[in-house]
Amino acid sequence: MRFLSVFPKRLQWILQMLFILLLLMTAYRLMFYFHYRPVNKPFSGKTFLLGLRFDARVIALTGLLILIISSFNFLNPFRKRKAVYFWNAFITLLFFIILMMYAVDFYHYDYLQQRLNASVLNFLEDSAISSKMVWETYPVVKMAFGIALTLFFILFVHNRFLKKKINKQTDVAKRPRLFFAGTIFVFAVMIFGKLDQYPLRWSDAFSLADDFKAQAALNPFQSFFSSLQFKNSNYDIKKVRSGYAIMADYLGVENKDSIKLNFERNISFTDTLVNKPNVIVVICESFSAYKSSMFGNKLDPTPYFNSLCKKGVFFERCFTPAFGTARGVWATITGIPDVESPKTASRNPAAVDQHTIINDLYAHDKFYFLGGSTTWANIRGLLNNNIAALKIYEEENFKAGKVDVWGISDKNLFLESTKILAQQQKPFFAIIQTADNHRPYTIPQEDMAEFKKLNYPADTLKKYGFDDNGQLNAFRYTDFCFQKFMDAAAKQPFFNNTIFVFVGDHGLRGDAGKMFPASFTKEGILAEHVPLLFYAPHLLKPFSVKKVCSQLDIMPSVAGLMRQRYRNNAFGRDLFDTTDHKERFAFIADPDMHTIGVVSDQYYYARNIRTHKTDFVSVTEDPIPPGIAADTVRIKMSRLTESWYETAKYLLMHNKKQP
């Protein structure tokens, strides 16, 4: 490493230590890969290059720490000889921690098939039993000896190199401040991880679309600290089993097993469709029901979509299982409510492996279109790791220019997505996720001539649920984009054999005034009430459904319409199944209000998980009649709420893909 001779001596010393750390990390990754790799899995250069970027972050943070500490004169070994003793002890401790992390990571993967994550801290609650299990299962003595031997070697090399540099009479580096500034800049780039809007995240490992490659690319520091905020993301197995009979009956599980907790349903059809229809699911940003024309809003913000609803199958009482875009995307794809709090399940490395009915549409090519970046909320990890052969189109893949922080406009997103889908030779399943109906409420300049903004007085806006004219016009612009999309799609050959599904990612809190029963505003469920439309004029007869349903029901319903055999291990039920006569409920877990509850056609039951306060209200204009009948319903909904919540926490970790 002669090229380091032009650096200041302190930097030479730090970079030498970092090089040793890089060698150790690389050696470990090779050992991990070849020890745990599945049979016949070839070597992956992409895995190691991505892994090197994760390692570079740890190396840069370590280098920055040493650089900062050694900047103090009394701890600078090149100015104070006694500081050598401190650095020998510090380097020994530092590498001991690193080696211990890697050792625990190695056997953590052996035990759970997961890289080291914060859930390991839960074992400390039963430390005596956990320690005994480790002692009886793994070669603790050999591991300790190997760590000690490695530490001795590192200390020997460090001490020898440091003294050699100290004894060197002169520091030949010119402009040392420039070297230090350049090093800090390089460290900063390594920590950020990539030249992009978003930093390198654990979810980037799952862009490899292979579970083992993703696990091999991570390092224990990245996986542990990324999951630290989820260390309490757990379920109470006793409560899950206690509510199993209720949930298994509600979901229609035939092979009930409260020990193995089987929730799997394998759905098949005697009649099949030879010509499978295409499917386009549009996840609509902040598409709140009470703000739209379909529910009688006098400002008529969505006249075009209202006309579509009259020509399709429109579900008036659809609820999302949570508030927030990431949670809405998660629920639509997996069929499981995102009950993580305060962060979302998409950000939890332990929950990234999920089965989705989308993969059962094996004859279809899969697409995901977003005007911005799927790095947001780590959605890319959810998509790439779980949807086979998925083609993702983001802002850099489109010709249109970016209009704001959310990427290209929804209009251009729809038009360019339509052109891409028109070129497909096979049936396709596509998700298009919109974003313009969101602050900063941008209306692109190119659409100003055709799209006419409206302005209303503040009291009128408030009366019909809008904060200001910007919010109203963004809502209206969404409708404008829907019309542009459907007009363009109608000209394509795929149109007549395509099922279009429109659903809000979530609603919005506010005051619905007299447009809805008072309970919608008081209980805050406007935040989860969204329109749901299945539109296929050549395949579906129009009708309106007033019964309650959920965002979780979308994928089972899509598969049912296609007469496609599928496996369901989640919560959704086929809304078009004419043999299913069981009462339906929609589960809601509101992370901001700290409530969990269920909605029926008549009532809403909720419990605050912090205060334990409960509410039982009517969601119709009719008051709750007093008496035993109402009490029976309340108790039933209370039990269903608790069972659903505990089962959701369990299934977030146990809805894994089948090999």
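Start by selecting Asn159, which sits in helix α5 (residues 140-167). Helices here are DSSP runs of H or I with at least four residues, strands are DSSP runs of E with at least two, and both are numbered from the N terminus. Residues are numbered from 1 along each chain as its sequence is written, and the model is a predicted one, in which local features need pLDDT of at least 70, side-chain atom pairs count only at pLDDT 80 or more, and totals for chains, interfaces and linings use all residues. Side-chain values use heavy atoms, with hydrogens and water left out.

Stay with Asn159 and show its surroundings. Leaving aside neighbours within four places in sequence, Asn159 is in contact (heavy atoms within 4.5 Å) with Val84 and Asn88.

**Second stop: a pair of helices**

Select helix α2 (residues 45-69) and helix α3 (residues 83-112). Two packed helices are described by the angle between their axes and by the distance between the axes. For α2 and α3, the angle is about 160 degrees and the axes lie 13 Å apart. Axes are lines fitted to C-alpha atoms, for helices over the stretch in contact, and angles run from 0 to 180 degrees between N-to-C directions. The two helices are therefore roughly antiparallel to each other; angles over 145 degrees count as roughly antiparallel, under 35 as roughly parallel, 65 to 115 as roughly perpendicular and the rest as oblique.

Next, show the side chains where they touch. From α2 come Asp55, Thr62, Leu65, Ile66 and Ile69, and from α3 come Phe86, Trp87, Phe90, Ile91, Leu94 and Tyr102. Which kinds of residue make up the contact of α2 with α3? Nine are nonpolar, one is polar and one is charged. In this count Ala, Val, Leu, Ile, Met, Phe, Trp, Tyr, Cys and Pro are nonpolar, Asp, Glu, Lys and Arg are charged, and the others, Gly among them, are polar.

Zoom in on Asp55 of helix α2. Is Asp55 buried or exposed? Asp55 is buried, with a relative accessible area of 1%; buried means under 20%, exposed over 50% and partly exposed in between, using a 1.4 Å probe and protein chains only. Beyond its neighbours within four places in sequence, Asp55 is in contact with Met25, Arg29, Tyr102 and Asn219.

Move on to the open sheet whose strands run in the order β5-β4-β6-β2-β7-β8-β3-β9, with mixed pairing. Two strands pair if DSSP finds at least two bridges between them. At the edges, select β5 (390-393) and β9 (543-550): each has a single partner strand, so one side of each is left without a neighbour in the sheet. From one strand to the next, the twist averages 15 degrees.

Within this sheet, pick out β2 (residues 278-284) and β6 (residues 428-433), which pair in the parallel sense over five bridges. Here Ile283 stands opposite Gln433 in β6. Helix α14 (residues 410-422) lies across β2, β4 (365-370), β5 and β6, at about 160 degrees to β4. Helix α16 (residues 469-490) packs on the sheet and touches β2, β6, β7 (498-504) and β8 (529-535), making about 170 degrees with the direction of β7.

**Last stop: the sheet of four strands**

Now select the open antiparallel sheet ordered β11-β12-β13-β14. Its edge strands, β11 (586-590) and β14 (614-618), each pair on one side only.

Focus on β13. Six of its six residues are buried, so β13 is largely enclosed by the rest of the structure. In a regular strand the side chains alternate between the two faces of the sheet. Tyr603, Tyr605 and Arg607 point one way from β13, while Tyr604, Ala606 and Asn608 point the other way.

On one side, β12 (residues 595-599) and β13 (residues 603-608) pair in the antiparallel sense over five bridges, and a hairpin joins them through three residues. Look for Asn608 as the bridge partner of Thr595, and Tyr604 as that of Val599. β13 also pairs with β14 in the antiparallel sense over five bridges, with Ser618 as the partner of Tyr603. Finish at His612, which takes a positive phi near 70 degrees in the hairpin of β13 and β14, where five residues lie between the strands.
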